[in-house]
Amino acid sequence: VQTCALPIFKAMGFSFSAVLLAYAFFNAMFALASVPLGRLSDRKGRRPVLMGSFFIFALVYGGLALGPGKSAIWGLLALYGLWAAASEGVAKAYVSDLAPEHRKATVLGVFQSVSGFSALAASGTAGLLWEHFGPSAAFALGAVCALGAGLLFPLICRRAAALPKTD
């Protein structure tokens, strides 16, 4: 669970030990789902699994934007673990699949750099929204962005596949 979830848990009245349990639950879901979702991406392709991960993320953040009750948060955490399992390793595998053999390490390094800078920008934006408009605004923007990414992903993949291959 990202650190932004901690204030939500506190605001909902969760104890410190319940927050730790939530972190453990998220990580257990992530660990349990990673191998099956990795196998699914091997069998059915990386793109469908990654597209699904965008929609799961949008669902989780949309749910958080609505200010769920204590019981609903556990379902959202389970889905959040599925999102992490469907996106983390599968995205790296997809990038590696697309990269020329002699440039895989460079391409993965660029991917990680872009991902890191994007996460920094997204976190800063979410922090500003949270500070000025509340947590619902930050989570709503995350949901909208994930939904947009999920809808644009097939177009981006088609355009990337049409680029000339260089050695």
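Predicted model: local features only at pLDDT ≥ 70, side-chain atom pairs only at ≥ 80, totals over all residues.
**Entry 1: getting started**

A helix here is a DSSP run of H or I at least four residues long, and helices are numbered from the N terminus. With that in mind, I placed serine 87 in helix α4. The protein has an average pLDDT of 86, and 91% of the residues score at least 70. Where is confidence lowest, and where is it highest? I found the lowest mean, 68, in helix α1 (residues 5-11), and the highest, 93, in helix α3 (residues 46-65).

**Entry 2: walking along α2**

I followed helix α2 from residue 16 to residue 44, which makes 29 residues. From first C-alpha to last, α2 reaches 41 Å, close to the expected 42 Å. At which residue does α2 bend? I found a bend of about 35° at serine 34, and proline 36 follows within four residues. I also listed the buried residues of α2: Ala18, Val19, Ala22, Phe26, Met29, Ala33, Leu37, Gly38 and Ser41. After α2 comes glycine 45, with a positive phi near 110°.

I kept one general point beside that list. An α-helix has 3.6 residues a turn, so residues three or four places apart point the same way.

Does the length of α3 agree or disagree with its residue count? It agrees, because 20 residues at 1.5 Å a residue should span 28 Å, and the end C-alpha atoms of α3 are 29 Å apart. I then noted the buried residues of α3, among them Arg46, Leu50, Ser53, Phe57, Tyr61, Gly63 and Leu64. Glycine 67 follows α3, and its phi is positive, near 70°.

I did the length check again for helix α5, residues 104-133. Its 30 residues should span 44 Å, and its end C-alpha atoms are 42 Å apart, so the two agree. Here too a glycine follows: glycine 134, with a positive phi near 100°.

**Entry 3: the cores**

I wanted to see what the nonpolar residues do. In soluble globular proteins, nonpolar side chains tend to be buried together. The largest nonpolar core in this model has 23 residues. Which of them touch the most other members? They are Phe9, Phe14, Tyr61, Leu64 and Tyr80. At least two residues of this core come from each of α1, α2, α3, α4 (70-98) and α6 (135-162). There is also a second, separate core of 11 residues, including Ala33, Ala86, Ala91 and Phe153.

**Entry 4: arginine 46**

I turned to arginine 46, which is found in helix α3. Is arginine 46 buried or exposed? It counts as buried, because its relative accessible area is 15% and the cut-off is under 20%. Next I looked for its polar partners. The side chain of arginine 46 makes a polar contact of 2.9 Å with the side chain of serine 41. Another polar contact, at 2.8 Å, joins the side chains of arginine 46 and aspartate 42. Leaving aside neighbours within four places in sequence, I found arginine 46 in contact with Ser41, Val90, Ala93, Tyr94 and Asp97.

**Entry 5: back to serine 87**

Serine 87 is buried, with a relative accessible area of 12%. What lies 2.9 Å from a polar atom of its side chain? I found the backbone oxygen of tryptophan 83 there. Not counting residues up to four places away in sequence, serine 87 touches Leu50 and Ser53. Both Leu50 and Ser53 are on my list of buried residues in α3.

**Entry 6: isoleucine 8**

Isoleucine 8 lies in helix α1, the helix where confidence is lowest. Its relative accessible area is 12%, so isoleucine 8 is buried. Beyond residues up to four places away, isoleucine 8 touches Trp130 and Phe139. I also checked a pair 72 residues apart along the chain: the C-alpha atoms of isoleucine 8 and tyrosine 80 are separated by 15 Å.

**Entry 7: two residues of α6**

Alanine 140 is in helix α6, and at 31% relative accessible area I noted it as partly exposed. Alanine 140 and glycine 63 are 77 residues apart in sequence, with their C-alpha atoms 8.7 Å apart in space.

Valine 144 is also found in helix α6. Why does valine 144 count as exposed? Its relative accessibility is 56%, and exposed means over 50%. Between the C-alpha atoms of valine 144 and leucine 59, 85 residues apart along the chain, I noted 9.7 Å.

Definitions and conventions
Residues numbered from 1 in each chain as written. Heavy atoms only, no water. Expected span 1.5 Å × (residues − 1). Bend = angle between axes of the 7 residues up to and from the residue. Buried < 20%, exposed > 50% of the residue type's maximum accessible area, 1.4 Å probe, protein only. pLDDT = per-residue confidence, 0-100. Core = buried A, V, L, I, M, F, W, Y, C linked by side-chain atoms within 4.5 Å. Polar contact = N/O pair within 3.5 Å; in protein donor to acceptor, adjacent residues only side chain to side chain. Contact = heavy atoms within 4.5 Å.
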